[in-house]
Amino acid sequence: MAELPGPFLCGALLGFLCLSGLAVEVKVPTEPLSTPLGKTAQLTCTYSTSVGDSFALEWSFVQPGKPISESHPILYFTNGQLYPTGSKSKRVSLLQNPPTAGVATLKLTDAHPSDTGTYLCQVNNPPDFYTNGLGLINLTVLVPPSNPLCSQSGRTSVGGSTALRCSSSEGAPKPVYNWVRLGSFPTPSPGSMVQDEVSGQLILTNLSLTSSGTYRCVATNQMGSASCELTLSVTEPSQGRVAGALIGVLLVMLLLSVAAFCLIRFHKERGKKPKETYGGSDLREDAIAPGISEHTSMRADSSKGFLERPSSASTVTTTKSKLPMIV
């Protein structure tokens, strides 16, 4: 008998097993799903297999941007029992329980923003082999934009440029931003206003006094909108210089005031110090020796470098006697 090739045998065996109903196949929607915040999401999953004692169903979840290998179970059915698990255990259930009729649809109530991600529906039924025993569903929880924050940077004087920014911390899908100027004003010249709806930035160039006013940013997605406002004041360049000079003068005056205060306090503290006194036993260099009067004290001649002693009572003097002359 001729030997059949290997691939032919595998194909024939696969066809036989499929006809016998021994293949596990899971079907899920191909399009991503979405549900509003706080509502119930229904994740459809069906399968085909011959349910037996070894039948097991597992639903698991993985956050956006992470690999499937990091998924963690949120609900599983085995041995005829249903076991919700994890942080979503109180909000997940099956549309049909037990899921033994080919329907394994998951219900998720009170949808949270953290529920956005990929859900895995997996059916295991040994000894059935797998053709497609795993289905992936991407779910997005729709969240309206939070109140955005408006900010401004740049030089707001005539001829300068400035950037107005707007951003919401929450919103799914990501909101788009649109800046509008409140009131009736002249239309800005072409190119002097550039807006980025994705980043929420509005760039104003070649500013003039008419650019002053109130600007509103509106963040919008399919769930709603929110806004914030910002007031822009454009000034003349000279006004900025005058303001800077005034601030400089005030700082100088403040420094002078502090210096004067410190000087006055120093003199007051110095005046409070007691004068230096001498005791009876203290020897002073400028004291007069006993027995010598002040007029007879020695005087220092700083220019000649020697001492001068004036005449005193103890000095011997020569007097001339008055004798008659004999002629």
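This report describes the predicted model of a protein, from its overall make-up to selected residues.

## Overall make-up and confidence

The protein has 327 residues, of which 24% are buried. Its secondary structure consists of 2 helices and 21 strands. Among contacts between residues at least 6 apart in sequence, 60% join residues at least 24 apart.

The mean pLDDT of the protein is 79, and 72% of the residues reach 70 or more. Over residues 1-21 the pLDDT is below 50, and this stretch has 10 contacts in the model beyond near neighbours in sequence. Residues 278-283 also have pLDDT under 50. For residues 278-283 the model has 1 contact beyond four places in sequence. Where pLDDT is low, the predicted coordinates should not be read in detail.

## A three-stranded sheet

An open sheet is formed by 3 strands in the order β3-β9-β8, with antiparallel pairing. Strands β3 (41-43) and β8 (92-94) stand at the edges; each has a single partner strand, so one side of each is left without a neighbour in the sheet. On average, neighbouring strands of this sheet are turned by 25° against each other, direction ignored.

The pairing of β3 with strand β9 (residues 106-108) is antiparallel and runs over 3 bridges. Within these strands, Ala 41 stands opposite Leu 108 in β9.

## The nonpolar cores

The largest nonpolar core holds 23 residues. Those that touch the most other members are Leu 43, Leu 57, Trp 59, Ile 74, Leu 106 and Tyr 119. Two or more residues of this core come from each of β1 (23-27), β3, β5 (56-62), β6 (72-78), β8, β9, β10 (117-124) and β12 (134-142). A second, separate core has 15 residues, including Cys 150, Tyr 215, Leu 232 and Val 234.

Asn 221 lies in strand β18, which covers residues 213-221. Asn 221 has a relative accessible area of 10% and is therefore buried, the limit being under 20%.

The side chain of Asn 221 is placed by two backbone oxygens: that of Ala 172 is reached at 3.5 Å, and that of Pro 173 lies 3.0 Å from a polar atom of the side chain. Leaving aside neighbours within four places in sequence, Asn 221 is in contact with Val 143, Pro 144, Pro 145, Gly 171, Ala 172, Pro 173 and Pro 175.

Ser 157 is found in the loop between β13 (149-154) and β14 (162-167). Although in a loop, Ser 157 is buried, with a relative accessible area of 10%.

The side chain of Ser 157 makes a polar contact of 2.8 Å with the side chain of Arg 155. Leaving aside neighbours within four places in sequence, Ser 157 is in contact with Leu 207, Val 234 and Thr 235.

How values were computed:
Residues numbered from 1 in each chain as written. Predicted model: local features only at pLDDT ≥ 70, side-chain atom pairs only at ≥ 80, totals over all residues. Heavy atoms only, no water. Helix = DSSP H or I, 4+ residues; strand = E, 2+ residues; numbered from the N terminus. Buried < 20%, exposed > 50% of the residue type's maximum accessible area, 1.4 Å probe, protein only. Polar contact = N/O pair within 3.5 Å; in protein donor to acceptor, adjacent residues only side chain to side chain. Contact = heavy atoms within 4.5 Å. Pairing = 2+ DSSP bridges. Axes fitted to C-alpha atoms, helices over the stretch in contact; angles between N-to-C directions. Core = buried A, V, L, I, M, F, W, Y, C linked by side-chain atoms within 4.5 Å. pLDDT = per-residue confidence, 0-100.
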